[in-house]
Amino acid sequence: MAQKLKTGKEPSEVAEADAKVRAIVENALTDIDKRGDAAVRELSAQFDNWSPQSWRLSETEIQQALSEVSRSDLDDIRFAQEQIRTFAEHQKASLQDLEVETHPGVVLGHRNIPVDAVGCYVPAGKYPMVASAHMSVLTAKVAGVERVVAATPPSGGRPHPAIIAAMHLAGADEILILGGVQAIGAMAIGTETIDPVDMLVGPGNMFVAEAKRQLFGRVGIDLFAGPTETLVIADDTVDAELCAVDLLGQAEHGPTSPAVLLTDSEQLARETIAEVERQLQVLPTADVARDSWAEYGEVILCDSREEMVREANRLAFEHVQIMTRDDDYFFNYLRNFGSLFIGPRTNVAYGDKVIGTNHTLPTKRAARYTGGLWVGKFMKTCTYQRVLTDEASTRMGEYCSRLCHLEGFSGHGEQANIRVRRYGGRDVEPYGAAR
């Protein structure tokens with residue numbers, strides 16, 4: 001039976017956006033809906049101390065931002081984007097349109113159609129999330145989205161050059177220097193100067209997440225995202241140093257980011273706890289990671305690899321790192337995860353920044369029912385049907401008429417009956433007539 005050698009907060013203790021956050025977001029979105037640009041300008045000044053003449057960067061301003069990024073940094077951004085683009089293109093190629101004759105004279109099919117307009121939010125607070133531009137903007141453009149709007153808050157009172165460079169190189173059609181609820185609301189609702197989008201994607205703080213939640217339905221969203229989660233599944237084939245590095249590497253995201261070690265080795269479990277404490281003495285981001293580890297870190301000791309699989313599937317974490325003597329066993333039996341990182345040679349940071357998979361992934365056990373962001377999220381699989389022959393229309397119509405009668409839908413029934421009369425030459429009485 002699984003035993004917790006170190007415990008964090010129970011899921012029931014981890015609150016969703018509290019009532020204050022919900023109220024602030026609801027009021028802000030209502031204000032944007034009513035007053036448009038004026039409301040956005042006031043919110044931007046209030047929360048970001050940012051009130052430029054225009055939130056949209058000109059081509060000249062974009063080129064100025066690029067000129068402030070070093071050649072090596074631009075090369076690194078291009079390398080990362082090439083990996084992400086390559087994988088996204090292969091994913092898109094796997095999405096095939098379909099057409100099949102399911103019954104003589106009846107043709108059914110589906111087409112994969114890109115969303116028309118997408119808004120991509122890229123945070124620029126404590127950590128400027130340059131990689132989020134690749135994951136959202138670039139993936140949307142590979143999917144074929146015609147209009148991609150990228151928004152990011154000012155950083156230090158100005159646009160962050162590397163984020164602007166990443167957005168531009170990824171193919172953003174419009175770049176807005178706008179943060180928080182005001183950015184999400186402006187892109188979803190639209191204002192006098194910002195045309196609305198059809199879908200919102202990208203990570204953000206609790207206010208951004210709550211704004212996306214409240215706007216879902218009015219626009220599509222990628223995920224209901226919570227704090228970053230990482231689960232390390234390890235046995236005695238790896239050491240505590242590696243486990244601790246992979247735990248703390250994600251704990252630094254924020255003070256509410258769960259980091260959990262799942263193992264069947266008590267020695268590794270106890271050594272990892274000690275090693276985490278040692279690394280926290282030297283880690284530059286220890287102020288954040290220490291709080292996260294203290295409040296949300298866990299070490300779970302299991303009796304067998306079968307129990308490790310059950311625990312991992314129950315937790316359904318965003319990131320799952322596997323470092324065991326039989327990684328394929330876990331690969332074959334794990335079902336609930338955002339993304340897997342298999343073997344000691346890879347890690348979550350590779351996926352977050354450069355390797356090519358998308359880092360926008362399900363949290364808060366949403367991995368039980370959905371995967372992460374990918375080109376398919378930006379595409380609608382839309383069905384169609386054709387009836388090619390009179391015989392096929394008549395046959396479908398006869399079945400349809402009887403089924404409509406069974407359900408009491410007279411108008412539906414007449415849609416079928418008129419075609420039976422016209423294409424089948426049958427003297428079918430109107431739906432309301434006695435049978």
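Figure 1. On the side of domain 1 that touches domain 2, the elements giving two or more residues are α4 (71–93) and α5 (130–143). The residues of this side divide into 8 nonpolar, 4 polar and 2 charged. Here Ala, Val, Leu, Ile, Met, Phe, Trp, Tyr, Cys and Pro count as nonpolar, Asp, Glu, Lys and Arg as charged, and the others, Gly among them, as polar. Helices (H or I, at least four residues) and strands (E, at least two) are DSSP runs, numbered from the N terminus. The model is predicted: local features need pLDDT of at least 70, side-chain atom pairs count only at pLDDT 80 or more, and totals for chains, interfaces and linings use all residues. Residues are numbered from 1 along each chain as its sequence is written, and side-chain values use heavy atoms, with hydrogens and water left out.

Figure 2. The domain assignment, which is automatic or from a database, gives domain 1 (21–101 + 116–222) and domain 2 (227–369). Their C-alpha centres lie 29 Å apart. In domain 1, 14 residues are in contact with 15 residues of domain 2, where contact means heavy atoms within 4.5 Å. The two domains bury about 1100 Å² between them, 63% of it on carbon and sulfur atoms. Buried area is the accessible area (1.4 Å probe) that two parts lose on being put together, summed over both.

**Figure 3. The salt bridge of E174 and R56.** The side chains of E174 and R56 meet at 3.2 Å, N to O. E174 lies in strand β6 (residues 174–177) and R56 in the loop between α2 (37–48) and α3, so the pair ties together parts that are 118 residues apart in sequence. E174 is buried, at 16% relative accessibility, while R56 is partly exposed at 30%. Buried means under 20% relative accessible area, exposed over 50%, and partly exposed in between (1.4 Å probe, protein chains only).

**Figure 4. The salt bridge of R325 and D236.** Between the side chains of R325 and D236 the N to O distance is 2.6 Å. R325 lies in the loop between β12 and α13 (327–333) and D236 in the loop between β9 (230–234) and α9 (240–251), so this pair ties together parts 89 residues apart in sequence. R325 is exposed, with a relative accessible area of 58%.

**Figure 5. Two residues with positive phi.** Most residues other than glycine have a negative phi. A316 has a phi near 50 degrees, a positive value, and is found in the loop between α12 (305–315) and β12 (319–323). A316 is buried, with a relative accessible area of 0%. R365 has a positive phi of about 65 degrees and sits in the loop between α14 (348–353) and β14 (379–387). R365 is partly exposed, at 35% relative accessible area.

Note on methods. Salt bridge = Lys/Arg side-chain N within 4 Å of Asp/Glu carboxyl O.
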